[in-house]
Each structure stands twice: as structure tokens, then as C-alpha cells.
Amino acid sequence: MKNRLLCALLALGLLALPGCERVPDPVEFTTFAMDTVMSFTLYGEPDRTGSVQVELSKQLRSLEDMLSVTAEDSFVYAVNHAGGAWVEAPDSSVLALLHDTLALCQATGGALDFTAYPAVMSWGFTTGEHRVPSPEELEALAAKIDYTAVALSDWAGPTRRGGIALPQGMEIDLGAVAKGYAGDRLAEAVRDKGISSALLDLGQSTITAVGTKPGGEPWRIGIVDPTRPGSYFAVVELADMAMGTSGGYQRYFEQDGVTYWHILDPDTAAPARSGLASVTVVSPSALTCDGLSTALFVMGLEEGTQFWRDHPELDFEAVFVTESGEICRTAGLEGRFFLAEGYTDREVTVLE
Ligand code: ADP
Ligand code: MG
């Protein structure tokens, strides 16, 4: 009570006391990058938040310039059009991203495969000119998806250079991990500027929480109901943590009554039909969230749960929603996962 009175006086500017600081107004801004709207909320001194805004926009532009599959002067475009030749990475952080992505492809046994790009293109997900490839075409495309055929120089630390080479006819796409990678990089930039409270929404359900809310409460982030993408069925509390969701509802087209979405099963080169409607991953690494949400969507509930049990070193938790509407979450989300208003009568299976 006494404390509240002190804070009220402080808010009115009548008193200045240590330990009862006024919460500054957040700096909020949005930008369009990586094909999506991103929005950022930063708490801090105005001189700091101003320079962070410039820094984040600069980093996003530079990541886009390197990772775009369509811009003819990007690094990824150069790799995809090198005709099998070796291409040097522009800097060690890109090399680190390639290594981390390849490691996730290996860990997931190819459920995540960054060489799926020719198939993604063939379905028209890059251009928006959607089409359903023939069974023969899909067979040929699936045969060319193979992360094990990628040659990547050894990771020898942040000061070393290196590169990548793909067999002729193969192409990479970092679309499944790029927003997560950007989330980790931007969070690092925010912390480097001395900001300890921020929420970075990279769009398409990839979010990084820096610290807590200014009062010390965790950030509360909703998970989209895949059957009603305007509503949230659950809330996850995050502090210094990232969250990413992949779902068939995010990008899709319909033809002859069938829905085709943008997450492909590398084994078939066709949309992954594992019985899941969405997968959400929570982890300190946004790259892990982004890459694994895509991979677990391909694996399905059973295989995905076993993957979670088998890989504690990847340090993640998950929430699965099946196509029949079942909600399952891993045990590690205890105390951090709550059903949202309007969904509190739903049953949640806890995966152990
Ligand atoms: P979004 O980009 O909408 O956030 P995801 O993170 O799930 O969604 O990534 C999907 C994108 O990754 C697709 O648009 C495609 O470019 C690429 N992709 C699709 N399936 C796979 C896969 N199995 N492995 C790696 N990349 C994939
Ligand atoms: Mg992803």
C-alpha cells in the first residue's frame, strides 16, 4: 500500500526515490522485411532506443541482402547459381548460420532440409503463382532434396572464413530459419546497446523476448488457433526466451477442394501431412524455434515428441495442435503455458 502511494507520487513527479522507478514509455516501430511485417517494442532511455532502431533496420536490410533467394546480388542467389562451384561466405556470421542450419538438418534426420528450394519453387510458393506438380515431377524433385550432398567448410571460429558448394541442380533456401536467425542477431544488438527489456516480433509467429517486461513480469505471448487464425488459444510466458510457430494456415493455396501449404516433406517434395495443424517451439534460441517448428511439423506428433525426448541438448519445449484439434505440450512448459480466455475448457495432454 505504502509502496503504491510512493509510486503514485513518483508518477506525478512529486518524489524521486531509488527502487521505485517510473516505467518509461516504450519505443514501438514496425518495418517490412523478409516478406513480412515485423514490430519491435523497446524500453529504455530515448537516446539508446533511437540508435537501436537505426541498428535493427540496418541489420535487417543486410540479412535480407545476403539471404534472399530471389535478389540476384544476394549470397544465397550466388550459391544457387554457381553451377556447382565453391562460393565464399561474405562473413563468418553467415558461415555460422549455415553450420547451425546444417546441424538442425542433421539432428532432425532431414525433416528440416535447406535444399528443398527447387520443390518450394515448383509449387509456386516463391512467386505466388501456385500449381500442383505432377507425381513424376515430385519424384524428381524429392530425389534432389539432400542436405548431405552440401559441401561446407569446417567451422573454425568467428575469425575464420569459409564457403559452401552445392551439386549442380541443387538450391538452398534459408526461409525456414531466417527469421529465427534474425531474431537472435537483433536480440544481441539490443542487449549490446544496453537495453534489457524488449519484444522483437519478427512476423509469422517468430518472437524474441529480451529480458522481462519493465516491472519484472514475463512477456505473455499468444499462440494462434490454427482453425481461427485471428484468435489465440493459449498464452506462453517468456523471459529471455524465443518462440516460433509453423502451421499449415500460415501460407497455403487451395485447388479442387484440397489445401496445399508451404511446409514440405523433403521425402515427397509435397506439403507435409503429418496430422498436425501447427507446432510451436519455445527455446532460448530463436533459430532453434524457427528451424524446429518447421521440422516437428513435418515429423508429426509421435515422432516429434520422441525427438523432444531424444534431444535435451537442443534445449526446447513444444506445443502441438493436431488437425483434429487436440492440444499437447511438453512437460517443461509447466507454469509457463496457459489456455487463453474462451479456451479454458479445452483439454491439454502433457507429454513426458
Ligand atoms: P514461415 O517462413 O512462414 O515462418 P517456416 O519457418 O515454417 O514458415 O518455413 C517455411 C519455409 O521454409 C517455406 O516457405 C519454404 O521456403 C521452406 N521450407 C518448406 N519446407 C521445408 C523443409 N521441410 N525444410 C526446410 N525448409 C522448408
Ligand atoms: Mg521455421
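Colleague: Which protein atoms are the donors of the magnesium ion (ligand 2)?

Modeller: Donors are N, O and S atoms within 2.8 Å of the metal (3.2 Å for Na, K and Ca); water is not among the atoms, so sites may look incomplete. Here the donors are A176 (O), D290 (O), D290 (OD) and T294 (OG1), at 2.2 to 2.5 Å from the ion. This is a predicted model, in which local features need pLDDT of at least 70 and side-chain atom pairs count only at pLDDT 80 or more, while totals for chains, interfaces and linings use all residues. Residues are numbered from 1 along each chain as its sequence is written, chains are lettered from A and ligands numbered from 1 in the order in which they are written, and side-chain values use heavy atoms, without hydrogens and water.

Colleague: How are the donor residues of this magnesium ion (ligand 2) spaced in sequence?

Modeller: Their spacing is A-x113-D-x3-T. Helices (H or I, at least four residues) and strands (E, at least two) are DSSP runs, numbered from the N terminus. D290 and T294 both belong to helix α8 (residues 286-299), and because they are four residues apart there, about one helical turn separates them.

Colleague: Are D290 and T294 buried or exposed?

Modeller: A residue is called buried under 20% relative accessible area, exposed over 50%, and partly exposed in between (1.4 Å probe, protein chains only). Both D290 and T294 are buried. T305 in helix α9 (residues 301-310) gives a further case, being buried with a relative accessible area of 5%.

Colleague: Which residues does T305 touch?

Modeller: Contact means heavy atoms within 4.5 Å. Leaving aside residues up to four places away in sequence, T305 touches F320 and L351.

Colleague: In what order do the strands of the nine-stranded open sheet stand?

Modeller: Two strands pair if DSSP finds at least two bridges between them. In this sheet the order is β1-β2-β6-β7-β10-β15-β16-β17-β19, and the pairing is mixed. The edges are β1 (27-33) and β19 (348-351); each has a single partner strand, so one side of each is left without a neighbour in the sheet. On average, neighbouring strands are turned by 15° against each other, direction ignored.

Colleague: How many residues of strand β7 are buried?

Modeller: Strand β7 covers residues 206-210, and five of the five are buried, so the rest of the structure largely encloses it. T206, T208 and V210 point one way from the strand, whereas I207 and A209 point the other way.

Colleague: Over how many bridges do β6 and β7 pair, and in which sense?

Modeller: Strand β6 (residues 197-201) and β7 are antiparallel and share four bridges. One bridge sets D201 against I207 of β7. Four residues lie between the strands of this hairpin, and G203 has a positive phi near 85°. Four bridges also join β7 to strand β10 (residues 241-247), again in the antiparallel sense, with A209 opposite M241.

Colleague: What is the pairing between β15 and β16?

Modeller: Strand β15 (residues 276-283) runs antiparallel to strand β16 (residues 317-322), with six bridges between them. Within this pair, V282 stands opposite E317. Two helices can then be placed on the sheet. Helix α7 (residues 178-192) packs on it, touching β2 (36-43), β6 and β7, and makes about 20° with the direction of β7. Helix α8 also packs on the sheet, touching β7, β10, β15 and β16, at about 155° to the direction of β15.

Colleague: At what angle do the axes of α4 and α8 cross?

Modeller: Axes are lines fitted to C-alpha atoms, for helices over the stretch in contact, and angles run from 0 to 180 degrees between N-to-C directions. Helix α4 (residues 92-107) and α8 have axes that come within 10 Å and cross at roughly 40°. Angles under 35 degrees count as roughly parallel, over 145 as roughly antiparallel, 65 to 115 as roughly perpendicular and the rest as oblique. The helices α4 and α8 are therefore oblique to each other. Their contact is made by L97, D100 and L104 of α4 with L287, T288, G291 and L292 of α8.

Colleague: Is the crossing of α2 and α7 left-handed or right-handed?

Modeller: A crossing is left-handed if the near helix is turned anticlockwise from the far one by less than a right angle, and right-handed if clockwise. The crossing of α2 and α7 is right-handed. The axes of helix α2 (residues 46-67) and α7 come within 10 Å and cross at roughly 150°, which makes the two helices roughly antiparallel. The residues of α2 that meet α7 include V52, E55 and L56.
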